[in-house]
Structure formats: structure tokens, C-alpha cells
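Welcome, and please open your viewer. We will go from selection to selection, with a short note at each stop.

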Amino acid sequence: MNILIQQPHPSIDKASIEKLVTQFYGRAREDELIGPIFAKAVHDWDHHIAQIAEFWAAIILKTGSYGGRPLPPHLKLDLNAEHFDRWLDLFAQTAREIFPEDAAFLFIDRARRIADSFEMAIATHSGTISQLRHSRRSLS
């Protein structure tokens, strides 16, 4: 598959990103493993979904519309590798249902890089070392 990562796919727009985020969080909230984490951390779901949709629009569409700092809130949670694995599985499943394969790839690839970055930052803050686990995995 020959994809230019910097080019947004024609199927990706703000509405499709909002659909991805909404459907993903619908699943995540019901998930036995990560649902309780979200239930404890998120108090205003409408605001959270809008904020995360802006985050993904800024990343994929290069809108520049997200001004937040996503890492600090995650550092406060008791996240481990199993949580990131489940988050990525649900996110990839949702992206593949909404977008054509090459568009889903853009989201999944970026999500894996974010998961690696967050895991490494969490490890660093706890005084341990973490290695890349996600971004080098096959997309199958």
C-alpha cells in the first residue's frame, strides 16, 4: 500500500471525524476494561467528544483547531499496556467500519504513534523505560 501520510483522504472531513469519535466513545464507554476509566475521568461527554474530534481534525486535516495538551490528563490515570491495547483495538475497529482501508490506515497509524508516545511518557514519569510497541506492528 503506497500512501502519503501527510495527505488527507477524500473520505475524511470534520463530519466523518465526528462520527468516528462518537462511535468509538460509544464502544469505549461500554467496554469492561476501559469503560470504567472513561466513566471516572470524563464528566461532560458532549464537550469531550467535541474536543477529541477537534484533536483528530487537527492531526489528520491539519486544521490547527486543537489547542489542548492531551498528555497531562492521561498522566493522572492509572493506565497500563492492556488499556492502550484495548483502546487501539476499539479505535481501529471503528475506523475500519467508517472509512475505506487507506483512510482508516491514516487514523490507525497515528493512533498507534500516539499510544507509543503516551506509554513512553507514562513510563518516564514513573521512572521506568518503555519501548515502542504499537507503531511497528503490522496493520493486519
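Rings of Phe, Tyr and Trp (its six-membered ring) pair when their centres lie within 6.5 Å; planes under 30 degrees apart are stacked, over 60 edge-to-face and the rest tilted. This is a predicted model, in which local features need pLDDT of at least 70 and side-chain atom pairs pLDDT 80 or more, while totals for chains, interfaces and linings use all residues. Numbering starts from 1 along each chain, and side-chain values use heavy atoms, without hydrogens and water.

**Stop 1: the rings.** Select F24, Y25, F38, W45, F55, W56, W87, F91, F99 and F107: ring pairs link them into a cluster. The whole structure holds 11 aromatic pairs. Now keep W56 and F107, a tilted pair at 5.8 Å centre to centre with 50° between the planes. W56 sits in helix α3 and F107 in helix α6, 51 residues apart (helices are DSSP runs of H or I, at least four residues, numbered from the N terminus).

Are these two buried or exposed? W56 counts as buried at 3% relative accessibility, and F107 counts as buried at 0% (buried is under 20% relative accessible area, exposed over 50%, partly exposed in between, with a 1.4 Å probe and protein chains only).

**Stop 2: the helices.** Show α3 (residues 45–60) and α6 (residues 101–125), which pack at about 105° with axes 11 Å apart (axes are lines fitted to C-alpha atoms over the stretch in contact; angles run from 0 to 180 degrees between N-to-C directions). Select F55, W56, I59 and I60 in α3, which meet L106, F107, R110, A111 and I114 in α6 (contact means heavy atoms within 4.5 Å).

Conventions. Helices (H or I, at least four residues) and strands (E, at least two) are DSSP runs, numbered from the N terminus.
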